[in-house]
Amino acid sequence: TNATATDENVWSDSGITGSITPASTSNKVLIFAVVPCYTGALSETYTSRMMQLALCRGTGVGTVIQSCIYPMGRSLVATSSVQALSVAYVTLVFLDSPSTTSSQTYTIGYKPPANKITVGTCPGDAAWVTCMEVEG
């Protein structure tokens, strides 16, 4: 998956998804996701950069059920011709209670903390969402 975002007000769809159909409405779903991502300073100095990630239920960015902020780098300087990048594998774990026996799709969403920072998923790197049903 290769996707980028520069708007701090909009969750972007990473295209990284996982699906499961719970057998009972009382069962829970354990979601384990690994997301290779990056942040880049476009043309200024930033003392700290964060990647905002969301676990969403539904297609696209759907309903955000959990979000987090992940630190990606500090004291990075970029020029108009050189972009400063930080790359990391971010792991998300969440126990969801969907209360349904209908198929559930979970998608990773993301956005930058400021409009002058670009964030995205790393092209060519493995990313996945694993969903496991927990009897409950």
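Student: Is Arg 57 buried, partly exposed or exposed?
Tutor: Arg 57 counts as partly exposed, because its relative accessibility is 25%. Buried means under 20% relative accessible area, exposed means over 50%, and partly exposed is in between, with a 1.4 Å probe and protein chains only.

Student: Before we go on, what kind of model is this?
Tutor: This is a predicted model: local features need pLDDT of at least 70, side-chain atom pairs count only at pLDDT 80 or more, and totals for chains, interfaces and linings use all residues. Residues are numbered from 1 along each chain as its sequence is written, and side-chain values use heavy atoms, with hydrogens and water left out.

Student: Back to Arg 57. What does it form a salt bridge with?
Tutor: Its partner is Asp 96, and the closest N and O atoms are 2.7 Å apart. A salt bridge here is a side-chain nitrogen of Lys or Arg within 4 Å of a carboxyl oxygen of Asp or Glu.

Student: How many salt bridges does the structure hold?
Tutor: It holds 1 salt bridge.

Student: What about disulfides, how many?
Tutor: The count comes to 0 disulfides. A disulfide would be a pair of cysteine sulfur atoms within 2.5 Å.

Student: Let's zoom out. How many helices and strands are there?
Tutor: The protein chain has 0 helices and 9 strands. Along the sequence the pattern reads β-β-β-β-β-β-β-β-β.

Student: How much of the chain is buried?
Tutor: Buried residues make up 42% of the 136 residues.

Student: How many residues of strand β7 are buried?
Tutor: In β7 (residues 104-111), 7 of the 8 residues are buried, and the strand is mostly covered.

Student: In which sense does β7 pair with β2?
Tutor: The two pair in the antiparallel sense, over 6 bridges. Two strands pair if DSSP finds at least two bridges between them.

Student: What stands opposite Ile 20?
Tutor: That's Gln 104, in β7. Gln 104 is buried, with a relative accessible area of 9%. Its side chain reaches the backbone oxygen of Ser 102 at 3.3 Å.

Student: What makes that a polar contact?
Tutor: It takes a pair of N or O atoms within 3.5 Å. Within protein, one must be able to donate a hydrogen and the other to accept it, and residues adjacent in sequence count only if both atoms are side-chain atoms.

Student: Now Ser 14. Where is it found?
Tutor: Ser 14 is in strand β2 (residues 12-20). Ser 14 is buried, at 2% relative accessible area.

Student: What does its side chain reach at 2.7 Å?
Tutor: The side chain of Ser 14 reaches the backbone oxygen of Ile 108 at that distance. A polar atom of the Ser 14 side chain also lies 3.0 Å from the backbone nitrogen of Ile 16.

Student: Where does Val 93 lie?
Tutor: Val 93 is in strand β6 (residues 84-96). Val 93 counts as exposed, because its relative accessibility is 54%.

Student: One more. Where is Ser 99, and what is its phi?
Tutor: Ser 99 is in the loop between β6 and β7. Its phi is near 55°, a positive value in a residue other than glycine. Ser 99 counts as exposed, at 52% relative accessibility.

Conventions. Helices (H or I, at least four residues) and strands (E, at least two) are DSSP runs, numbered from the N terminus.
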